[in-house]
Amino acid sequence: MTAEMLDPTIPFDATHTALPGRGFELGLSENPFPPLPSVLKALNNVMAHANRYPEFLPERLPRVIANRIGVMPDQVVVGSGATGVAMQIMQAVMKAGERIVFAMPNFDGYPIMASIVGVRATPVPMDTAGRQDLRRMALTVDRKTSVMVVCRPHNPTGTLVTATELEQFLNAIPRRVVVILDEAYVEFVNDANAIDARALVERHPNLLVLRTFSKAHGLAGLRIGYAFGSHELVERVRRWQLPFGVNSAAVAAVTASYAAEHELQDRVARITSEREYLRNALLRMGVRVPRSFANFLYLKGPDIAPKLTRAGITVKAYPDGSARIAVGDPAASRAVLEALSHA
Ligand code: PMP
């Protein structure tokens, strides 16, 4: 079977956020491109053996990822998306009643997982510039605090904390507190703002860097994520690995996706250039949109989400009327601009 035989109606270089007859789905910060042909081909091959279990505990996937990012395999823990790994971290290092600190608004998963694990979420407001307030977050640490989350880029604003702010924050946090540096959207950050997460992990044994194949790699449906950090900390998190819990498609998909780096980079470039185009057009219309380093934009204003929803565009809506929208599909950009151009 060739990759194209899976669905001959989808051209592989075309975006597809349109829902037939139902507007656009922009609410989940997904990649608008379907998986690359080489990735689909690799998936087809493994599906032919889907009667077999995957590895009891994943060893190959951590090796493939470790090789790629330049750490030892025992420094990598994999799981069901970054969400699965984040929850595994919380289960491994938190006790009932302890506190997890993160900026608010944030990725919805953190408060949900806190309630599943039975720990208390401590949301910290953003600073006046609309960025995560790392100084204030550091000041909230008390005896009960065992995990802190910093997203870089931040969801939903797409903003970045600077390397210096992050380093100061890490230096201020006691070693017994685990810091999750959530880099779900790291591939969309331009080189000028990239940080050396591997070096940070070497300096801070309480740091876990969290990443996913759901966003730039466009494999959200396969649920593959990982974290890397010091061997000791990763070993604690690995103890919570669900037997047979990582599907057998993951190694093939990740290997093929890494091998197709240039095509992926091309897609990332298309998504980020569409992001810049759309943001500039929105700014010209008077919509407030922070500069984003992710694959989404945060449109601030009391009536943004209702207007887009009325136009059939599915967005992530916030209580004050602001909206987060995934970017990358030019047709969706046109629909957003059209929807907001009416008073
Ligand atoms: N972290 C952040 C900041 C996110 O926005 C998301 C998904 N929206 C995740 C983690 C989880 O991604 P996944 O579970 O699909 O890997």
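Analyst: Buried area is the accessible area, with a 1.4 Å probe, that two parts lose on being put together, summed over both. Keep that in mind for this predicted model.

User: Which domains is the protein divided into?

Analyst: Domain 1 covers 3-36 + 261-341, and domain 2 covers 44-259. Their centres, taken over C-alpha atoms, are separated by 25 Å. The contact draws on 23 residues from domain 1 and 26 residues from domain 2.

User: How do I read the interface? What area is buried between domain 1 and domain 2?

Analyst: The size of an interface is often given as the accessible area lost when the parts come together. Here domain 1 and domain 2 bury about 2,000 Å² between them. Carbon and sulfur atoms give 57% of that area.

User: Which residues in domain 1 lose the most area to domain 2?

Analyst: Glu261, Leu264 and Phe293 do. Together they account for 29% of what the domain 1 side buries.

User: How many salt bridges are counted between domain 1 and domain 2?

Analyst: The count is 2.

User: What does lysine 316 form a salt bridge with?

Analyst: Its partner is aspartate 108. The closest N and O atoms of this pair are 2.6 Å apart.

User: Now helix packing. How do helix H10 and helix H12 cross?

Analyst: Two packed helices are described by the angle between their axes and the distance between the axes. In this model, the axes of H10 (residues 261-284) and H12 (residues 330-341) come within 11 Å. They cross at roughly 10°. Angles under 35 degrees count as roughly parallel. H10 and H12 are therefore roughly parallel to each other.

User: Which residues make the contact?

Analyst: H10 supplies Glu274, Tyr277, Leu278, Ala281 and Leu282. H12 supplies Pro330, Ser333, Val336, Leu337 and Leu340. By type, the contact of H10 with H12 has 8 nonpolar residues, 1 polar and 1 charged.

User: On to the backbone. What is the peptide bond from arginine 152 to proline 153, cis or trans?

Analyst: Most residues other than glycine have a negative phi, and most peptide bonds are trans. The bond from arginine 152 to proline 153 is cis, with omega near 0°. Proline 153 sits in the loop between strand S5 (145-151) and helix H6 (163-172). Proline 156 also lies in the loop between S5 and H6. The peptide bond from asparagine 155 to proline 156 is cis, with omega near 15°.

User: What about phi of arginine 223, positive or negative?

Analyst: Positive, near 60°, in a residue other than glycine. Look for arginine 223 in the loop between strand S7 (207-212) and strand S8 (224-229).

Terms used
Residues are numbered from 1 along each chain as its sequence is written. This is a predicted model: local features need pLDDT of at least 70, side-chain atom pairs count only at pLDDT 80 or more; totals for chains, interfaces and linings use all residues. Side-chain values use heavy atoms; hydrogens and water are left out. Axes are lines fitted to C-alpha atoms, for helices over the stretch in contact, and angles run from 0 to 180 degrees between N-to-C directions. Helices (H or I, at least four residues) and strands (E, at least two) are DSSP runs, numbered from the N terminus. Angles under 35 degrees count as roughly parallel, over 145 as roughly antiparallel, 65 to 115 as roughly perpendicular and the rest as oblique. Contact means heavy atoms within 4.5 Å. Ala, Val, Leu, Ile, Met, Phe, Trp, Tyr, Cys and Pro count as nonpolar, Asp, Glu, Lys and Arg as charged, and the others, Gly among them, as polar. Domain bounds come from an automatic or database domain assignment. A salt bridge is a side-chain nitrogen of Lys or Arg within 4 Å of a carboxyl oxygen of Asp or Glu.
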